Structures are given as C-alpha cells and as structure tokens.
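Please view the sequence and structure below before reading on.

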Amino acid sequence: MATELTKPGNLRIGVFVCECGLNIAGTVDCAAVSEYARTLDDVTAVVQNKYTCADPGQNEIKKAIAEHNLNRVVVASCTPKIHEPTFRQCVADAGLNPYLFEMVNIREHCSWVHQNEKEKATEKAKDLVRAGVARARMLEAQTEAEVPITKAALIVGGGVAGIQAALDLADGGHQVYLVEKEPTIGGIMAALDKTYPTMDCSI
Ligand code: SF4
C-alpha cells in the first residue's frame, strides 16, 4: 500500500555520486553526472564524494538527510554486494527507513568496463542514475521480521550443480534431500570419458 511519502510532491530524493578515488572519477565525469542528477524530478540534494563509504562520505549522507529532510537516498557508486548494507545502516542511523535507499553501480557497470570510452561511460552513468532515481520514487518503507524456518533443503537433480549445491548447503549445517530421477547421480558429467584441462576421468 502506498505511503504518504510516495505521492508526487512529497518525494525528496538525495543523490550521492561517488568518485571512488580514480576508480570511477578516472573514467566517469562525476561532476557531469552530479549536474545531471540535479535536473531530475524530485531530486532535492546532490553530493559528490571522493569515497562515499568512508566515514566522511557517510556523514555527508546523514547531514544531507537532516538538512534537506530527504525521504529517499540514491548512492551512485559500486556493486551493492559490498556496500548496500553499509548504506542501509547509514540511512537508518540518520532516521530514515533503510529500505528507502537505492544503489546504482557506476563503477563495475561504467568506469571499469568502459575505460576507453569516457564519454559513453559518463552517459551510461547518467542513465543509471536516472533509473535509480526512478526506482527510488517507487520505494516503500519496509519492516524486517523473523520467521521460523525448517533448516532443510530439497534439491531436484543430481547433476554437478545439484551435487555442489547439496555439499555447500550441508557445509552450512542444513539437512539436504537430493532427488535424482536416474539410478545414479552425476548427470551429463558422469557420462564423460575425460574432462579438460586435466583429462582426468570425470567421476
Ligand atoms: S562506495 Fe564503493 S565506489 Fe565509493 S569509495 Fe566506497 S568502494 Fe569505492
């Protein structure tokens, strides 16, 4: 259900563009991306940082949330796999629901893969920021809940992927049920005579 904050006119989005030293700024024109972000609807504050995940960068986010009464935050930096939890905690510390945060990857998706095409990398970064802001407009505050689970997994298929998944889950302390329709496990792999590069027997 839509909250009051999602109504047009109530959105106050902050965009934080990270340079990551030269990791991003060496290829992407961060100033141009920041300027572009300022032109987007509902964007109330734009801040460019050298290292957004470092304490000074996080403090800039907290400061902007307070000063501009931001109710959405977009960070344009690196993969969310590393720092999404960092920034969720950062916005939560500033009093914002951590799920009103959106992350855009202008490092792995722009500067790192388009190092020889600076203008195109910058244009792509603008597009990603615009998309991130669009997603941020749709965000709703979420609450986390803990629910009881059965610590067991059913894996259908005893090929290489199924076997590896079973081993990984078992290593993680889960009961595993591996189901295979054939009389033996190993799948296609088990039918191979040798495998590259060792040319060993496949099983
Ligand atoms: S937030 Fe990501 S891109 Fe920015 S400085 Fe930290 S590691 Fe680099």
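This is a predicted model: local features need pLDDT of at least 70, side-chain atom pairs count only at pLDDT 80 or more; totals for chains, interfaces and linings use all residues.

Residues are numbered from 1 along each chain as its sequence is written.

The protein chain contains seven helices and six strands, taken as DSSP runs (helices H or I, at least four residues; strands E, at least two) numbered from the N terminus. Their order along the sequence is β-α-α-β-α-β-α-β-α-α-β-α-β. The radius of gyration is 23 Å, well over the 17 Å that the globule rule gives for 203 residues, so the protein chain is more spread out than a compact globule. That radius is taken over C-alpha atoms, and the rule is 2.2 Å times the number of residues to the power 0.38.

An automatic or database domain assignment sets the domain bounds.

| Domain | Residues |
|---|---|
| domain 1 | 11–138 |
| domain 2 | 146–203 |

The C-alpha centres of domain 1 and domain 2 are 40 Å apart.

The largest nonpolar core has 40 residues, and V15, V33, V73, V74, A76, V91 and V129 touch the most other members. Such a core is a set of buried Ala, Val, Leu, Ile, Met, Phe, Trp, Tyr and Cys residues joined through C-beta atoms within 7 Å; buried means that 20 or more other C-beta atoms lie within 10 Å of a residue's own, with C-beta atoms placed from the backbone. Elements giving two or more residues to this core include β1 (13–18), β3 (72–77) and α6 (118–138).

Methods
A residue is buried if 20 or more other C-beta atoms lie within 10 Å of its own, exposed if 12 or fewer, and partly exposed in between; C-beta atoms are placed from the backbone.
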